[in-house]
Amino acid sequence: MPISDYQLVEAWKEVLTLSRLEPGQSVTILTGAATHPQTLACALIATQSMGAIVNRLDLPPVNGEKALSRDALAYLGETPLTGNHAAIAALKASDLVLDLMTLLFSPEQHEILASGTKILLAVEPPEVLVRMTPTLADRTRVLAATKRIENAREMRVTSAAGTDLTCPMGEFAAIAEYGFVDAPGRWDHWPSGFALTFPDEGGANGRIVIDRGDILLPQKRYCSEPIVLTVEAGYARRIEGGVDADLLREYMASFGDPEAFAISHIGWGLQKRAYWSTLGLYDREATLGMDARAFDGNFLFSLGPNNEGGGKRTTACHIDVPLRRCTVALDGVEVVRNGKTVEARDDH
Ligand SMILES: O=c1ccc(O)c[nH]1
């Protein structure tokens, strides 16, 4: 359903206020060939109405001939910023970058953040952005979860479907995604609402069962039959099942990169305004699937790079897999029980 420009401008102003945008600060709106025109138009209005000094940087697309999917998160690493020193200089000189193009998982993003620039990714459709306009309560809930990750040394994930995965943690920091950028050098994604980290390099072991109804991204599919991943020393060594498994294996093999099979980030969804069922109601190319990544109580794991968490592994292949009905325990203490988040006593 369409969203009015008024609603989207108001949502942008809420997010920019939470992101502590001040009059006189410089904002660069980063756009590309797939940028949503209404999101861009309303961002320009909202930033100027708040007294920011705004510019728009439009970058030509890359990787179109290499990627097998048009999903902005499907083919990573090289971005339109790679080697573009003038554009990188402009983004480093900005207080805030509104990324309407998708820089995620790019080395350049880290370089820009290190200069103190804040980067907010916002590429979901306007109605999804407005439905999941972030709140301070989202931030509180996600930070409580990342604090528990920071204090833990092991994540164990189990499910009735047969998942039993053990991930030592501590080598990488926890990442809080709550939808706004309220500190210099912070990156976030609007919409979101989940906590994640990366297993110690080579440490993940066990079995992951992607069960019927669990979601594959960027495939934007609900699995119709179980896929069983055998995880050894941080890599999915075997991917077994029926047609869904064949489709996943062929897609991942097309990258010709063994790093594609590494376990990337692990965490869980905390966004009560996100829904597991939404993916099935959108055209595949109309959304990144952030409802799937963020719905409350999912176990979200990912295959591919860990440079986003400070690791050395980069690969163009990135698969996000939110699972339902898992139990996630940190050092034996459950944070998700059979697909429902467990609020810790000290979370409030
Ligand atoms: O916001 C995101 C989106 C994709 C991903 O893999 C992590 N965080």
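In this predicted model, in which local features need pLDDT of at least 70, side-chain atom pairs count only at pLDDT 80 or more, and totals for chains, interfaces and linings use all residues, 21 residues of domain 1 are in contact with 27 residues of domain 2, contact meaning heavy atoms within 4.5 Å. Residues are numbered from 1 along each chain as its sequence is written, and side-chain values use heavy atoms, with hydrogens and water left out. The domain assignment of the protein chain gives domain 1 as 5–131 and domain 2 as 136–177 + 192–341, with bounds that come from an automatic or database domain assignment.

The C-alpha centres of domain 1 and domain 2 lie 25 Å apart, and the area buried between these domains is about 2000 Å², of which carbon and sulfur atoms give 55%; buried area is here the accessible area (1.4 Å probe) that two parts lose on being put together, summed over both. On the side of domain 1, F105, E124 and R131 lose the most area to domain 2, together accounting for 33% of what that side buries. The rule also finds three salt bridges across the interface of domain 1 and domain 2, a salt bridge being a side-chain nitrogen of Lys or Arg within 4 Å of a carboxyl oxygen of Asp or Glu.

On a 1 Å grid over the protein atoms alone, a pocket is an open set of points with protein on both sides within 12 Å along at least five of seven lines, a cavity is a set of points where a 1.4 Å probe fits but cannot get out, and lining residues have an atom within 4 Å of a point. Grid points are joined across faces, edges and corners, and a volume is the space filled by probe spheres set on the points.

Of the 46 residues that line the largest pocket, A34, S69, R70, D71 and A72 lie nearest its centre. D71 also forms a salt bridge with K220, in which the closest N and O atoms are 2.6 Å apart. Helix α7 (residues 243–253) gives the most to the lining of this pocket, with four residues, where helices (H or I, at least four residues) and strands (E, at least two) are DSSP runs numbered from the N terminus. By class, the lining of the largest pocket divides into 24 nonpolar, 12 polar and 10 charged residues; Ala, Val, Leu, Ile, Met, Phe, Trp, Tyr, Cys and Pro count as nonpolar, Asp, Glu, Lys and Arg as charged, and the others, Gly among them, as polar.

The largest cavity has a volume of about 140 Å³ and, because domain 1 and domain 2 both give residues to its lining, lies between them.
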